[in-house]
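Take your time and look up each part as you go.

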Amino acid sequence: MDKKQAFFSLLNKEFVLLDGAMGTMLQKAGLPMGALPELYNLTQPEKIKDIHRQYVEAGADILYANTFGANRHKLQGSGYTVEAVVAAGVKAAKEAAGDKALVALDIGPIGELLEPAGSLSFDGAYDIFSQMIAAGAAAGADVIAIETMTDLNETRAALLAAKEQTELPVLCTMTFEQNGRTFTGCSVPSMAMTLEGLGADAVGINCSLGPDQLPPLVEEMARWTRLPLVVKPNAGLPDPSSQEYDILPDDFAGYMAALVPYGIKIAGGCCGTTPDYIRRLKEVFAPLSYQKPAFVPQTAVCSPSVAVPVDRARIIGERINPTGKKLFKQALLNEDIDYILNQAISQVGAGADILDVNVGLPEIDEPRMMVKVVKALQGVVDTPLQLDSSDPKALEAGLRAYSGKAIVNSVNGEEESLSRILPLVKKYGAAVVGLTLDKGGIPKTAEARFAIAQRILERALSMGIPKENVLIDCLTLTASAEQAAVAETLKAVRMVKEKLGLKTVLGVSNISFGLPNRELVNHSFLTLALANGLDLPIINPNIKAMTDAVNAYHLLMNIDKGAEHFIAAYSEAAAPAVSGTPAVQGESKDLGYAVEKGLKADAAQLTRESLQKQDAMEIVNGILIPALDTVGAQFEKGKLFLPQLIQSANAAQAAFEVIKEHLSRTNGSPVSRGTIVLATVKGDIHDIGKNIVKVLLENYGYTVVDLGRDVEYEAVVDAALRHKAKLVGLSALMTTTLKSMEGTIKLLREKQVPCKIMVGGAVLTPEYAKTIGADYYAKDAKESCDIAGRVFGEEKEES
Amino acid sequence: MPIVLQDLNKQEIFRYLGYGGAEPDAVTKKLTEDCSIRLLKEAVPRYLYAVHPLRWEEEGIRVGETPLLLTGNSIKEHLAGCSRAALLCATLSQPVDRLIHGAGLRDMAESLVYDCCACAAIEQLCDQAEEEIREKLLAGSKTPLYFTFRFSPGYGDLPLTVQKDFLAVLDAPRKIGLCATGNHILPPRKSVTALIGISDKPVEAKRRGCGACPMQKTCAFRKRGDHCG
């Protein structure tokens, strides 16, 4: 019998029993805190085997081998290899199990946080787990148990490694706090949905809480997955001084039995439990029957912390897309990720439920950019993403990087598209947008588009993609060119909704192309489409009329019960908040003054006015820069402090934005006093200083290519060359990362990059900066602007 | 006992912002007020501690039976006369990192103020945790006990490389989600590890001072004749 079958035949029992704790058993037997329990596999295998044997006797069907922390991060410096520790751990468990129990390779968290919280990359985590998994499979493990996870992305790395390297069944459990979230904010629905999509064989909860606190969490989990549910809780809470857990075996088993009505199938114990707990569990469960939860499939997507069920119209924000947007294209070329993040933040603020992400430009490496943008977006917004590309490689790279359940935009009825895109959708458990077009183009009639939708659905189902994950886009045609087609699109939406029971998507804004009063056409069409069954309008949420139309639709269709949301959005009390300082407060009639005082809105407004009568460069060189210089001088004299310096820079930035837009409209050459590459060095994640420097430099008119934090040496070299940067700025905050600064400088010199290097950071001294080969030491953000001034002189960069 | 942070010390925040004794402008004052309220909402204070006996070995001070070995002269000096030490770790948790980072995309001034509010908050959390440790130990002891100030890895010549073992002894990654990176940085970023020496005899009344600080040569506070904490 193969391993998968062995596991699935176990599931034919009413309940599958897991074992109890290993770590706390060993600690009771004298293992010091902080020591690695996994080393006992080699040094005291009999002790390990004895504990396993007790669990078999107590009735466990699956033993977790003592391999929880046997990863190379934790074993570093122990003198033992992952392979040896894992093999010995699995061996001990197998010997104790005989033919009475299966043995799981136990995989816990690596012990180092993944990006963006920490500095371990997803691929790095994948690699660490792969090594454990290869060793476990070679040693003969029957099952893989990924447990005690708090980061959904780390869990994904382990699960992907398990699925890609072995055929073994995989149980995944995470650790939740009472509020239903993990330390990193992952929610129960997001966890269940994401891991089921990625191919886990059972999901659940372990550690942290006692079983008495689990009913609401288990109940919620059952609503979000069809998989068997695992519960392996602690024996309550430990006493801080004695470390004794407060729930005894009888009560433990009682609380566990109380979870049966919520649908648990696989049960065991975590910290503080002993063979007695499992024995009692077996006795108490013996007369009970498994109660399979009534699962109702629903279309939903998620990020780690936010699940968005498509139970009403959900707005997909369309703004992260370079098509027809000069500034966006420029931002992509400059790798100005902050620009993209700001687009995301403003759309979320305006009411986007999901964000479409398209970063395709012929000049860039799209898969790489997709990963970079997806990671950066997930660091600042909780909104689920729709990955939008015509390049399957970019889609796969994005899906791999995305923590949660994404939407893939898109597949169409052509064979090539179906056979390349749907396997990715299946593998990563995403939802997918099916476009109703094929080789013959977009069919004219609703019936023909419906037929393609049907074909896409059938193909998806045949590949094991659940129906609720298929979304259909019946395609909006421009009303000015094909007026008669508008009604066909609406009809097709209705047919797909009614006859196939699928959720529908439409890009709305296209409808009005080439017409006057586009806004009117757009929101009118949106309302019509919603009434015909549109679920996921792709729109610009920053245009108020569009989000208004969605809000009104929800109100009128009795979806927004009691008009609660509507009233909150439009009652007088909730009048739109004015962000920042109001434009022209009466006191500042002069742009220089507005910049000096940090009045953002005034600065923008006054720049708009000045552009009517003055040349852009005159404004920059004659007003903005001198104003910043005045502020800088006051800062140096200690008359004005860092927050004010930054506020002035912000005001100048608002002015620069206006000028940039003006120039891109009038096709003037961009204002740039030169290009500077900035990075916080490899290994360091303290970047607030670098970010302040960036704001100031940008507002002195420099183009800043910000590589972020924890930046590889090569990435700095590449960027400096690619952008022909004459100045590179490096920051490091820790004594331990200064060596990365030195390494980066060394590589820049070795590759003979024609640039000056300035360095800064709290632990640096001018002397040390010189020793490691920097050209300049900047003691603060203001000084970095002075250095830039010296490096670039008055010379203007070629545009 | 869960610790609830309240009312951050604004004077401290202004000092972190670089104002020294100077009066901040009205905009910065208002920003600090708003940011500290939001920060307290977002922060999830978590902390752990454990008391271990100390063993003086040739290479350094061994913490109980654990793998944690404290090396260097500074820690020897700090723990002189102490038979036990409390290991403390504390964090404001990930939402604070996101708050500081997210604010920086819109407005670096706001981000900077959040950062300084977070510094004040983590200090407050450590102060309260330290208070709890003292009270607990004193309540459980028949004889008087004396405590040193909090000493963190990175002070003096106590290397940052001990962070991983330090956190492992407290089981901090699992219990409060606090880890060390390969470069010994502690994410979530507003986190602290510290040792408090415990003695039966009065310990030399040392204060946390600039002498042990690795930043003493470059510190902007010191240049102004000020200090950070």
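Among contacts in chain B between residues at least 6 apart in sequence, what percentage join residues at least 24 apart? The share is 76%, where two residues are in contact if their C-beta atoms, placed from the backbone, lie within 7 Å.

Please keep in mind that this is a predicted model: local features need pLDDT of at least 70, side-chain atom pairs count only at pLDDT 80 or more, and totals for chains, interfaces and linings use all residues. Residues are numbered from 1 along each chain as its sequence is written, while chains are lettered from A and ligands numbered from 1 in the order in which they are written.

**Chain B**

Chain B has eight helices and six strands; helices (H or I, at least four residues) and strands (E, at least two) are DSSP runs, numbered from the N terminus. Along the sequence they follow the pattern α-α-β-β-β-α-β-α-α-β-α-α-β-α. Of its 229 residues, 48% count as buried, that is, 20 or more other C-beta atoms lie within 10 Å of the residue's own, with C-beta atoms placed from the backbone.

Now find helix 4 (residues 94–106) and helix 5 (residues 108–139) of chain B, whose axes come within 6 Å and cross at roughly 160 degrees. Axes are lines fitted to C-alpha atoms, for helices over the stretch in contact, and angles run from 0 to 180 degrees between N-to-C directions. Helix 4 of chain B is therefore roughly antiparallel to helix 5 of chain B, the term for angles over 145 degrees. Among the residues making this contact are Leu99(B) of helix 4 and Tyr114(B) of helix 5.

**Chain A**

The domain assignment, which is automatic or from a database, divides chain A as follows.

| Domain of chain A | Residues |
|---|---|
| Domain 1 | 3–285 |
| Domain 2 | 311–572 |
| Domain 3 | 591–792 |

The C-alpha centres of domain 1 and domain 3 of chain A lie 49 Å apart.

Eleven of the 14 residues of helix 8 of chain A are buried, so this helix is largely enclosed by the rest of the structure. The buried residues include Leu152(A) and Ala162(A), and their cover includes strand 3 (102–107) and helix 7 (122–138) of chain A.

**Where the chains meet**

In all, 46 residues of chain A are in contact with 50 residues of chain B. Helix 26 of chain A gives the largest share of the side of chain A that touches chain B, six residues.

Conventions:
Buried ≥ 20, exposed ≤ 12 C-beta atoms within 10 Å, placed from the backbone. Parallel < 35°, antiparallel > 145°, perpendicular 65-115°, else oblique.
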